[in-house]
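Here is a briefing on one protein model. Please look over the sequence and the structure before reading the points below.

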Amino acid sequence: GAYAKSAHIALIYQAILPNEHLRHHLLSEPQTDEYSQVLDLSSVLKASETLSGEADLQAFLKQMVTIIIENAGAQRGALLFEKEGNFIVEICLNNKDESCTSTTVPYSLINYVSRTLKPQLLDNAKKDKRFASDPYFSSHSPKSILCVPSLVKGELKGIVYLEHLDNNQAFTNERISIIQTLATQTSISFD
């Protein structure tokens with residue numbers, strides 16, 4: 001599964017890994033924390049490969065959102081960019097790499113993240129008074145949500161919205177920094 005893929009990627013790129021200890025660490029059976037580190041490295045390497053090889057902007061954005069969804073363990077993800085003062089869904093995919101049938105997102109949450117510039121990790125948005133009245137949550141019932149701002153030189157460039165419909169606590173605080181890194185990498189390329 002994911003470990004095998006991560007180990008394969010680490011093996012392919014072992015020449016650029018800085019030292020023998022790190023190579024050995026990444027290629028051995030992971031423990032829980034080690035598994036996250038391997039997954040993080042795998043995602044960053046995939047993103048770097050995507051950045052260097054993709055000329056078509058839409059194909060690039062699709063690949064980056066796919067990497068973000070994989071890394072987070074999300075079932076659905078959207079990448080929003082600011083246009084004329086509003087955040088617009090640029091791309092929305094599910095975990096099967098298919099375009100979403102609906103590009104609707106909870107704009108109360110998107111606007112909150114754009115104002116505070118802080119990631120939001122929610123396990124039940126319907127119970128959170130800040131977002132409970134959002135029409136999105138009347139028709140959708142995600143159990144876990146992660147919404148992350150993409151900041152480039154301190155300026156908000158985009159927002160990544162991720163959700164999982166089946167599992168509470170599908171996302172963890174430990175994943176936020178790598179998701180933010182991948183989102184920022186995507187926004188820098190889009191800019």
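Does Arg175 count as buried or exposed? Arg175 is buried, because its relative accessibility is 9%, under the 20% cut-off.

**Confidence**
- The mean pLDDT of the protein is 79. A score of at least 70 is reached by 70% of the residues.
- Helix H5 (residues 107–116) has the highest mean pLDDT among the elements, at 96. Helix H2 (residues 20–27) has the lowest, at 50.
- Where pLDDT is low, the predicted coordinates should not be read in detail.

**Arg175**
- Arg175 sits in helix H7, which spans residues 173–190.
- The Arg175 side chain has a polar contact with the side chain of Asn71, at 2.9 Å.

**Strand E5 and its partners**
- Strand E5 covers residues 155–164. Nine of its ten residues are buried, so E5 is largely enclosed by the rest of the structure.
- E5 pairs with strand E1 (residues 76–83). The two run antiparallel and are joined by six bridges. On this side, Leu80 has Ile159 of E5 as its bridge partner.
- E5 also pairs with strand E4 (residues 144–152), again antiparallel, over nine bridges. Here Ile145 is the bridge partner of Glu163 in E5.
- E4 and E5 form a hairpin with two residues between the strands. Lys153 in this hairpin takes a positive phi near 55 degrees.

**Glu155**
- Glu155 belongs to E5. Glu155 is partly exposed, because its relative accessible area is 47%, which lies between the 20% and 50% cut-offs.
- Leu117 lies 38 residues from Glu155 in sequence. Their C-alpha atoms are 9.1 Å apart in space.

**Cysteines**
- The model has one disulfide. The bond joins Cys92 to Cys100, with an S to S distance of 2.3 Å.
- The torsion about this S-S bond is about -75 degrees, so the disulfide is left-handed.

Definitions and conventions: Residues are numbered from 1 along each chain as its sequence is written. This is a predicted model: local features need pLDDT of at least 70, side-chain atom pairs count only at pLDDT 80 or more; totals for chains, interfaces and linings use all residues. Side-chain values use heavy atoms; hydrogens and water are left out. Helices (H or I, at least four residues) and strands (E, at least two) are DSSP runs, numbered from the N terminus. Buried means under 20% relative accessible area, exposed over 50%, partly exposed in between (1.4 Å probe, protein chains only). pLDDT is the predictor's confidence in each residue, from 0 to 100. A polar contact is a pair of N or O atoms within 3.5 Å; within protein, one must be able to donate a hydrogen and the other to accept it, and residues adjacent in sequence count only if both atoms are side-chain atoms. A disulfide is a pair of cysteine sulfur atoms within 2.5 Å. Two strands pair if DSSP finds at least two bridges between them.
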